[in-house]
Amino acid sequence: YAFANTNIRKITGGANVTSIEEGAFHMALALSEFPFGNKLREVVNGAFMHCSALTGVTMQTGTVRIGENAFYNCEFLSYVSLPNTLKYRRPYVSKL
């Protein structure tokens, strides 16, 4: 829950992130941008839950797992691009 319930708007320098842990950005209501780099392998359960300002998700080649409710209640999420390397996607991965 590193950035949970914060007013953070944008993350930069996420190129070396390999995993986004459970609840890392839970209720980060102002978060609108996150650079999903090509080293990212997994987005764990509830990582971006209730990030209502998040409008787009583009996962790079290399991401293999998206956990349950990873993007739950991201109500303005209108663009999603998933890589062909994705092997595991839990039910209720909202809008993905």
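Modeller: Strands are DSSP runs of E with at least two residues, helices are runs of H or I with at least four, and both are numbered from the N terminus. This is a predicted model, in which local features need pLDDT of at least 70 and side-chain atom pairs count only at pLDDT 80 or more, while totals for chains, interfaces and linings use all residues. Residues are numbered from 1 along each chain as its sequence is written, and side-chain values use heavy atoms, without hydrogens and water.

Colleague: What makes up the order of elements from the N terminus on?

Modeller: The elements run β-β-β-β-β-β, with six strands and zero helices in the protein.

Colleague: Why is the protein called as compact as a globular protein of that length?

Modeller: The radius of gyration, taken over C-alpha atoms, is set against a globule rule of 2.2 Å times the number of residues to the power 0.38. The protein has 12 Å, close to the 12 Å that the rule gives for 96 residues, so the description holds.

Colleague: What is the largest nonpolar core, and which residues have the most contacts inside it?

Modeller: Such a core joins buried Ala, Val, Leu, Ile, Met, Phe, Trp, Tyr and Cys residues through side-chain atoms within 4.5 Å, where buried means under 20% relative accessible area with a 1.4 Å probe, protein chains only. The largest has 22 residues, and those with the most contacts inside it are Ile 20, Phe 25, Phe 36, Val 43, Phe 48 and Phe 71. Of the 96 residues of the protein, 43% count as buried.

Colleague: Which residues does Phe 48 contact, leaving aside its neighbours within four places in sequence?

Modeller: With contact meaning heavy atoms within 4.5 Å, the partners of Phe 48 include Ile 20, Leu 31, Phe 34, Leu 54, Tyr 72 and Cys 74.

Terms used
Buried < 20%, exposed > 50% of the residue type's maximum accessible area, 1.4 Å probe, protein only.
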